[in-house]
Amino acid sequence: MSSILLDVAGVRVHFPERGGSWFGPRRTIRAVDGVSFQLERGESLGLVGESGSGKSTTARVVAGLQTPTAGAVRLHGQLFGPRAPRSVRRHVQMVFQDPYASLDPRRPIGWTVEELLAVHGLLKPRQRRLRVLAALDACGLEALYVHRYPHELSGGQRQRVAIARALVAEPELLVCDEPTSALDVSVRAQIVNLLCELRERFELALLFVSHDLAVVRRVCEQVAVMYLGHVVELAPRSQLFDAPRHPYTRALLAAIPRGDPEHPAPHVALLGEPPSPMHPPSGCVFHPRCPRAGDVAGERCAREFPKSVERGDALVACHLDQP
Amino acid sequence: MSLLEVRNLRVRFETARGWVQAVDSVSFDLDAGESLALVGESGSGKSVTAMALVSLLPRPPAVIETGEARFDGRNLLALGERELRRVRGREIGFVFQDPSTSLHPLMTLGEQLTEALRVHEKVSQRVARARAIEALAEVGIAEPDARVDSYPHELSGGMRQRALIAMALMCRPKLLIADEPTTALDVTVQAQILELLRELQRRHGLAILLITHDLGLVADFARRVHVMYAGSIVESASASELFARPAHPYTLGLLRSVPTLATSLEHPLSTIPGSAPDPTKSVHGCPFRPRCGFALASCESSRPPLLPPLGLQRAAALLSAQGSRRSACFESARVAAEART
């Protein structure tokens with residue numbers, strides 16, 4: 001058996017426009033438009049991008065919560081999705097952004113975490129309790145939290161519970177969708193550290209979705225930059241942050257405030273805003289905002305979508321960066 | 001003279017679980033044309049402070065206990081509703097976090113932009129419309145004469161925020177209160193909006209009170225910074241001083257716990273243990289003490305006053321030499337006193 005844990009191949013997710021126009025055909029929203037990547041055991045990949053880039057939808061497909069319109073997700077070579085058997089699905093667990101919304105307010109924490117074991121029919125009831133305590137402990141919560149309700153906990157503690165619930169089934173892959181975005185700054189660092197620690201301790205593979213590149217740099221060894229449903233650059237952490245290749249990656253990095261009043265971020269890196277995924281631009285989806293689109297002869301950027309090619313350790317989809 | 005002088009502002013809320021002291025003895029000055037940031041996490045009282053200044057807090061449950069806010073010589077907190085209306089929207093403009101909920105979905109941009117003008121300045125429809133188009137152009141909206149008839153849903157998030165800024169500036173205010181103006185926006189758009197605010201400030205000498213949780217934004221934008229924790233200002237300094245030499249343990253903790261693209265990956269991020277205190281419980285001593293690594297015995301018994309970090313006795317004498325830097329911490333006062341002897 002190969003060491004590839006997760007294989008995402010050519011995944012597309014197209015949603016019909018909600019409601020739509022009264023007249024004329026319904027349009028399609030191309031949320032994810034051909035995304036491929038692989039994860040080995042224990043590897044971590046960060047998905048970054050702005051709103052509408054399709055990063056969350058990609059995460060939902062990987063977690064088996066969304067059936068792709070085209071393409072396939074394989075776990076250990078087996079087809080994976082909402083229809084996969086429970087015994088396979090338990091290997092992939094998800095942590096959501098908002099711990100206020102993802103925990104049942106009327107159930108004590110212990111019940112919420114144990115439910116996952118019950119759903120998957122794992123362990124006998126007595127052993128389940130022990131497993132729940134072990135998972136809470138791994139997430140830095142003492143045994144007494146079993147009897148607490150979500151409203152008695154702080155945001156950071158709730159997110160710890162959500163992570164404990166994901167861990168209790170001993171998954172191989174953890175999918176996190178903006179797990180630190182709803183938290184206060186002083187608590188965010190605690191959760192970032194916890195995720196790094198758990199990943200090492202349990203050899204977890206991690207798919208980490210975030211708009212915060214500094215957090216992704218902390219947590220993930222590989223980073224995929226998404227724009228309008230496409231991965232425009234996928235590279236190891238050091239290469240992506242030290243020597244970004246795609247013009248969008250460069251602009252994204254340049255726009256992040258430095259946290260240093262003596263060296264403020266260079267002004268406006270990119271004009272305009274991402275277009276709607278309902279009417280993606282022709283050719284390279286980034287070309288209307290790309291500062292270098294004019295550098296390519298024959299308006300190729302506007303006509304033809306660039307293929308992802310290997311450049312060093314990175315995969316880059318840009319006409320300017322072809323071997 | 002300062003444009004805005006806030007003195008000893010105290011606001012509390014009546015809740016089902018008891019009184020909450022949302023703002024506790026907050027004082028600060030803002031000069032004309034200056035940019036000032038109130039930084040803090042949720043529940044720190046930064047937004048309540050700003051809302052209290054212009055009486056936008058629902059009363060009850062809010063009660064302004066004490067305080068004075070002198071704006072251009074008048075005490076805003078003592079003005080009647082009629083007089084307040086003359087100030088709000090005309091001399092003080094606002095931009096809030098979420099551009100999609102702060103615009104009326106059924107009114108065109110032009111109708112919303114001209115509303116303030118027609119209330120405050122009694123100008124004709126034609127003049128108002130012309131000024132709306134001018135304002136839209138100024139905030140960088142393309143084709144302003146067509147956009148003026150658009151509805152909010154036809155605009156992207158960044159464009160809506162630009163329109164809101166245009167609206168806030170219609171009556172040419174002296175002060176703009178911007179409460180998390182870029183939090184709902186993507187980073188590339190955030191950079192554009194910040195640049196726009198900076199440019200408007202340069203061009204019109206606008207004073208900006210920025211309210212944010214994002215230290216990165218503060219470093220890029222504000223000249224002076226007040227850090228708030230549990231309703232009080234715990235440190236105030238110029239942005240460059242604050243980032244180079246934080247004097248309060250909370251500021252230090254915050255700065256260290258925010259990952260940047262430059263921090264080393266060898267060690268885990270340093271964190272502030274625990275979480276913010278329960279606002280319904282009254283605190284004795286320093287509100288940050290349970291989370292503080294530097295706490296002294298005195299921190300438990302009394303609340304440290306906001307003083308220059310120089311040693312308590314000599315503080316007043318040396319104030320002028322140290323500018324207006326202040327920190328509310330016994331330990332930082334002790335260290336500074338030690339360094340001087």
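## Basis of the model

Residues are numbered from 1 along each chain as its sequence is written, and chains are lettered from A and ligands numbered from 1 in the order in which they are written. The model is predicted, with local features requiring pLDDT of at least 70 and side-chain atom pairs counted only at pLDDT 80 or more, while totals for chains, interfaces and linings use all residues.

## Overall architecture

Chain A contains 10 helices and 12 strands; helices (H or I, at least four residues) and strands (E, at least two) are DSSP runs, numbered from the N terminus. Its radius of gyration is 21 Å, close to the 20 Å that the globule rule gives for 323 residues, so chain A is as compact as a globular protein of that length. The radius of gyration is taken over C-alpha atoms, and the globule rule is 2.2 Å times the number of residues to the power 0.38. The C-alpha atoms of chain A fill a box of roughly 70 × 50 × 50 Å along the principal axes.

Chain B has 13 helices and 11 strands. For chain B the radius of gyration is 21 Å, close to the 20 Å given by the globule rule for 341 residues, so this chain is as compact as a globular protein of that length. Buried residues make up 50% of the 323 residues in chain A and 50% of the 341 residues in chain B. A residue is buried if 20 or more other C-beta atoms lie within 10 Å of its own, exposed if 12 or fewer, and partly exposed in between, with C-beta atoms placed from the backbone.

In total, 34 residues of chain B are in contact with 37 residues of chain A, where contact requires C-beta atoms, placed from the backbone, to lie within 7 Å. On the chain B side, α7(B) gives the most, with seven residues. By class, that side has 16 nonpolar, 14 polar and four charged residues. Ala, Val, Leu, Ile, Met, Phe, Trp, Tyr, Cys and Pro count as nonpolar, Asp, Glu, Lys and Arg as charged, and the others, Gly among them, as polar.

Helix α7(B) covers residues 187-204. Its buried residues, including Val187(B), Ile193(B) and Leu197(B), pack against α9 (247-255) of chain A together with α6 (157-168), β7 (175-179), β8 (207-212) and α8 (215-221) of chain B. Just after α7(B), Gly205(B) takes a positive phi of about 60°.

## Local backbone features

Most residues other than glycine have a negative phi, and most peptide bonds are trans. Leu228(A), although not a glycine, has a positive phi of about 50°; Leu228(A) lies in the loop between β9 (222-227) and β10 (230-236) of chain A and is buried, with 24 other C-beta atoms within 10 Å.

In chain B, the loop between α1 and β4 holds Ser55(B), a non-glycine residue with a positive phi of about 50°. Ser55(B) is buried, with 20 other C-beta atoms within 10 Å. Pro60(B) lies in the loop between α1 (46-53) and β4 (62-71) of chain B. A cis peptide bond joins Arg59(B) and Pro60(B), with omega about -10°, and a cis peptide bond also joins Pro60(B) and Pro61(B), with omega about 10°.

Terms used:
The expected span of a helix is 1.5 Å times one less than its number of residues. Two residues are in contact if their C-beta atoms, placed from the backbone, lie within 7 Å.
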